[in-house]
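Please examine the structure shown below together with its sequence. A short report on its architecture is then given.

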Amino acid sequence: MIMTSSSPRSYHHGDLRGELLDRAEQTLRESGADGLSLRQLARDIGVSHGAPSRHFRDKQALLDAIARAGFERLGALFTEAVSEGSFMQRLESVARAYVRFATENAALLELMFARKHNPAAGTELPAAAERAFSVPVALIADGQGNGEVIDGDPTVIGFASFATIHGMATFVSSGLVPAALAETMLGDVITQIMDGIRPRT
C-alpha cells in the first residue's frame with residue numbers, strides 16, 4: 001500500500017511519547033479526563049491508531065503518565081523556588097510557585113492527586129509525588145535547623161502548611177477568589193502560616 005501525505009504515520013521518528021503527553025495535557029485542559037482517548041490522540045497528531053499503545057497500554061496508563069509528569073514539573077518548580085534567599089523568602093517563593101502551578105493547571109492538578117491514590121497506579125506515581133513534596137519538607141527542616149520553625153515532624157508541619165496554600169489555590173482556580181486579589185491574599189496566607197510555625201518565645 002502506498003502511503004499518501006494524508007495517511008496516518010504507522011511509526012514515528014521523533015519523540016512520540018512526549019508528543020502524545022503534550023497533546024493529552026492540552027485535551028485534559030480543554031475537555032477533562034473524559035475527553036481523552038488513545039485513538040483520538042493518534043488522530044490528532046497524525047499517527048496510526050495503534051501507535052500510542054507502544055507507549056501506553058491503555059487510557060489508565062496514559063493518565064498515570066500525565067500525572068507523573070505533572071509532579072515532576074511541580075518538583076522542578078519547587079527546587080528552583082528554594083534555590084536562594086532567606087527561609088521566609090524561600091517559603092514565599094515555594095507558595096507562589098504552587099499557587100501559580102495550581103491555577104494555571106487546575107485540571108492537571110486534580111488528575112495528579114486523583115491518580116496518586118488509585119491503587120492501580122503502581123509505585124512510580126506516588127514516588128514522583130513524594131519527590132516533589134520532599135523539597136518543601138526539606139525547607140521546613142532547614143528552617144527548624146535555623147531556629148525559625150517549631151520543633152516537630154517536618155513532614156507534618158510542611159503538609160499542614162501546604163494544605164492552607166492548596167486551599168487558597170483551589171479558591172482562585174474555581175473563581176471564588178478573583179485572580180486580581182490572589183497576590184495580596186497569598187501574602188496574608190504566608191504571614192499566617194509563619195505565625196503558626198514560628199517558635200513561641
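The report begins with the basis of the model and the overall fold, then turns to helix packing, aromatic rings and individual residues.

## Basis of the model

This is a predicted model, in which local features need pLDDT of at least 70, side-chain atom pairs count only at pLDDT 80 or more, and totals for chains, interfaces and linings use all residues. Residues are numbered from 1 along each chain as its sequence is written, and side-chain values use heavy atoms, with hydrogens and water left out.

## Overall architecture

The chain contains eight helices and zero strands; helices (H or I, at least four residues) and strands (E, at least two) are DSSP runs, numbered from the N terminus. Read from the N terminus, the order of elements is α-α-α-α-α-α-α-α. Along the principal axes, the C-alpha atoms fill a box of roughly 80 × 35 × 30 Å.

Of the 201 residues in the chain, 40% are buried. Here buried means under 20% relative accessible area, exposed means over 50%, and partly exposed lies in between, for a 1.4 Å probe and protein chains only. Contact means heavy atoms within 4.5 Å. Among the contacts in the chain with a separation of 6 or more, 68% join residues 24 or more positions apart.

## Packing of α3 and α4

Two packed helices are described by the angle between their axes and the distance between the axes. Axes are lines fitted to C-alpha atoms, for helices over the stretch in contact, and angles run from 0 to 180 degrees between N-to-C directions. For helix α3 (residues 59–81) and helix α4 (residues 87–104), the axes come within 8 Å and cross at roughly 150°. That makes α3 roughly antiparallel to α4; angles under 35 degrees count as roughly parallel, over 145 as roughly antiparallel, 65 to 115 as roughly perpendicular and the rest as oblique.

On the α3 side, the contact involves Gly70, Arg73, Leu74, Leu77, Phe78 and Ala81, which meet Arg90, Ser93, Val94, Ala97, Tyr98 and Phe101 in α4. By class, this contact of α3 with α4 has eight nonpolar, two polar and two charged residues. Ala, Val, Leu, Ile, Met, Phe, Trp, Tyr, Cys and Pro count as nonpolar, Asp, Glu, Lys and Arg as charged, and the others, Gly among them, as polar.

## Packing of α1 and α2

The axes of helix α1 (residues 16–31) and helix α2 (residues 38–45) come within 10 Å and cross at roughly 110°. That makes α1 roughly perpendicular to α2. In α1, Leu16, Glu19, Leu20, Arg23, Ala24 and Thr27 meet Leu41, Asp44 and Ile45 in α2. The contact of α1 with α2 has five nonpolar, one polar and three charged residues.

Thr27 counts as buried, at 9% relative accessibility. Apart from neighbours within four places in sequence, Thr27 is in contact with Gly32, Gly35, Leu36, Leu41 and Asp44.

## Aromatic rings

The structure holds nine aromatic pairs. Rings of Phe, Tyr and Trp (its six-membered ring) pair if their centres lie within 6.5 Å; planes under 30 degrees apart count as stacked, over 60 as edge-to-face and the rest as tilted. Tyr98 and Phe162 form an edge-to-face pair, at 5.3 Å centre to centre and 80° between the planes. Tyr98 lies in helix α4 and Phe162 in helix α7 (residues 154–174), so the pair ties together parts that are 64 residues apart in sequence.

Both residues count as buried, Tyr98 at 2% relative accessibility and Phe162 at 7%. One aromatic cluster is formed by Phe71, Phe78, Tyr98, Phe113, Phe133, Phe159 and Phe162.
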